[in-house]
Amino acid sequence: MKRTALVVGITGIGGNHVARELLANGWDVVGLSRRPPQDLPSVRHVAADLLDPAALASALAQVAPTHVFITTWMRQDTEAGNIRVNAALVRNLLDALSPRKSVRHVALVTGLKHYLGPFEAYASSGTLPDTPLRESQPRLPLENFYYAQEDEVHAAAERDRFTWTVHRPHTVIGLAVGNAMNLGTTLAVYAAICRETGRPFQFPGSEAQWKGLSDVTDARMLARQLVWAADTDAARNEAFNIVNGDVFRWSWLWPKLAAWFGVPACGYGGTMQPLAPAMANDHALWRDIALRHGLVEPDLDRMASPWHTDLDLGRPLEVMTDMANSRRLGFSAYQATDASFFDLFARLRAERLIP
Ligand SMILES: NC(=O)c1ccc[n+]([C@@H]2O[C@H](COP(=O)([O-])OP(=O)(O)OC[C@H]3O[C@@H](n4cnc5c(N)ncnc54)[C@H](OP(=O)(O)O)[C@@H]3O)[C@@H](O)[C@H]2O)c1
């Protein structure tokens, strides 16, 4: 039977990579976002705002996807705001698709905040979750927009009789410009600035993150799991963690990242050294670097998200993720984490996004 994928959030770090993986596997792909993707010419683009139900229904009137991949969110100031807005994104989308009854499966991408709590509750929730994080851990007794999004998918699945999967990546490493959270590109821009200015390439985070075990999710791994789950009958109505499959310590990785850029590495030195204040006044500097090196994106805010890198690397515990749930069903992909960063850096350079 012919399958059409609707990738919601096609210009984002998750959506772009899942679209590529679907295309590589022969799927018809329709992509939805407000801005068009720059680099996916074989994707039919639907420009729509998920917060505008009438416009969304009309934009999707001629689209009858069999599979929907939801890789979108909008950051709000509070978790109450995140819940209101991000639940609405999912509800409006599934309501708009409901009349055609074409959807057989919906995959929702959330993340490890499912286990760690929302940004504003990091470290202040009293008890820290057990690591490695497992899908079987119960929801936290805290408000969380991921729970609200899951509940919207479950309710629509019941109404429209489709199956679902939820995918929970750790920090996603991959190419995206102008998206909300991108630790890999933020560190690449920071390293490039350090090389240009002679500033130390300083690890910004906590002692627990520096010394403890960690893992990350290459965006290509997330994409592979999403496509695997869409093709695997046994993987129905389940949540799956998704990480690279190795663990590392930032004390091991940081010098490797520094070496790639040819800058000296400065490790954790007794206190956190957040990136957001360190890069707050670098906008003119980045414009100048972009001009001198012929780079295509002179706007620092579209390249770097230091607020997120600080939260991620500042966590007061080691964070790593159990992969048993999809492995037991046959998902065996693996990605070396140092190569995730090096591949991203090489792509950023090839696309003239960093010097
Ligand atoms: N990035 C990470 O490191 C990371 C780590 C773990 C979990 N996650 C989770 O993964 C999920 C997906 O996030 P992501 O990082 O892939 O997102 P992202 O890179 O910020 O991309 C968001 C996508 O959604 C689209 N979008 C946003 N608002 C929209 C609206 N109102 N109407 C239509 N399209 C809209 C954006 O395109 P336009 O702006 O063009 O509309 C973009 O394509 C989120 O739940 C996030 O919390 C992300």
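Analyst: Pro-132 lies in the loop between helix H4 (113-116) and H5, where helices (H or I, at least four residues) and strands (E, at least two) are DSSP runs numbered from the N terminus. A cis peptide bond joins Thr-131 and Pro-132, with omega at about -5 degrees. This is a predicted model, in which local features need pLDDT of at least 70, side-chain atom pairs count only at pLDDT 80 or more, and totals for chains, interfaces and linings use all residues. Residues are numbered from 1 along each chain as its sequence is written.

User: And what is phi of Arg-161 near?

Analyst: Phi of Arg-161 is near 65 degrees, a positive value in a residue other than glycine; Arg-161 sits in the loop between H5 and E6.

User: OK, on to the sheet. In what order do the strands come?

Analyst: The open sheet has 7 strands in the order E3-E2-E1-E4-E5-E6-E11, with parallel pairing, and two strands pair if DSSP finds at least two bridges between them. Strand E3 (44-47) and strand E11 (238-242) are the edge strands, each pairing on one side only. Direction ignored, neighbouring strands of this sheet are turned by 20 degrees against each other on average.

User: How many bridges join E1 to E2?

Analyst: Strand E1 (residues 4-8) and strand E2 (residues 28-33) run parallel and are joined by 5 bridges, and Val-7 stands opposite Gly-31 in E2. Helix H5 (residues 145-160) packs on the sheet, touching strand E5 (105-109) and strand E6 (163-169), and its direction makes about 175 degrees with that of E5. Axes here are lines fitted to C-alpha atoms, for helices over the stretch in contact, and angles run from 0 to 180 degrees between N-to-C directions.

User: Switching topic, how do H6 and H13 pack?

Analyst: Helix H6 (residues 183-197) and helix H13 (residues 306-313) pack at an angle of about 105 degrees, and their axes are 9 Å apart. That makes H6 roughly perpendicular to H13, a term that covers 65 to 115 degrees.

User: Which residues meet there?

Analyst: From H6, Leu-183, Thr-186 and Leu-187 meet Pro-306, His-308, Thr-309 and Asp-312 of H13, contact being counted if the C-beta atoms of two residues, placed from the backbone, lie within 7 Å. By class, this contact has 3 nonpolar, 3 polar and 1 charged residues; Ala, Val, Leu, Ile, Met, Phe, Trp, Tyr, Cys and Pro count as nonpolar, Asp, Glu, Lys and Arg as charged, and the others, Gly among them, as polar.

User: How is the chain divided into domains?

Analyst: The division is into domain 1 (4-172 + 216-242) and domain 2 (177-214 + 247-319 + 336-350), with bounds that come from an automatic or database domain assignment. Their C-alpha centres lie 26 Å apart, and 14 residues of domain 1 are in contact with 13 residues of domain 2.

User: Last one: which residues come nearest to the ligand?

Analyst: Gly-9, Gly-12, Gly-14, Gly-111 and Asn-179 come nearest of the 27 residues around the ligand, where a residue is near if its C-beta atom, placed from the backbone, lies within 6 Å. Helix H1 (residues 13-24) gives the most to this shell, with 3 residues, and the shell draws at least three residues from each of domain 1 and domain 2.

Key. Parallel < 35°, antiparallel > 145°, perpendicular 65-115°, else oblique.
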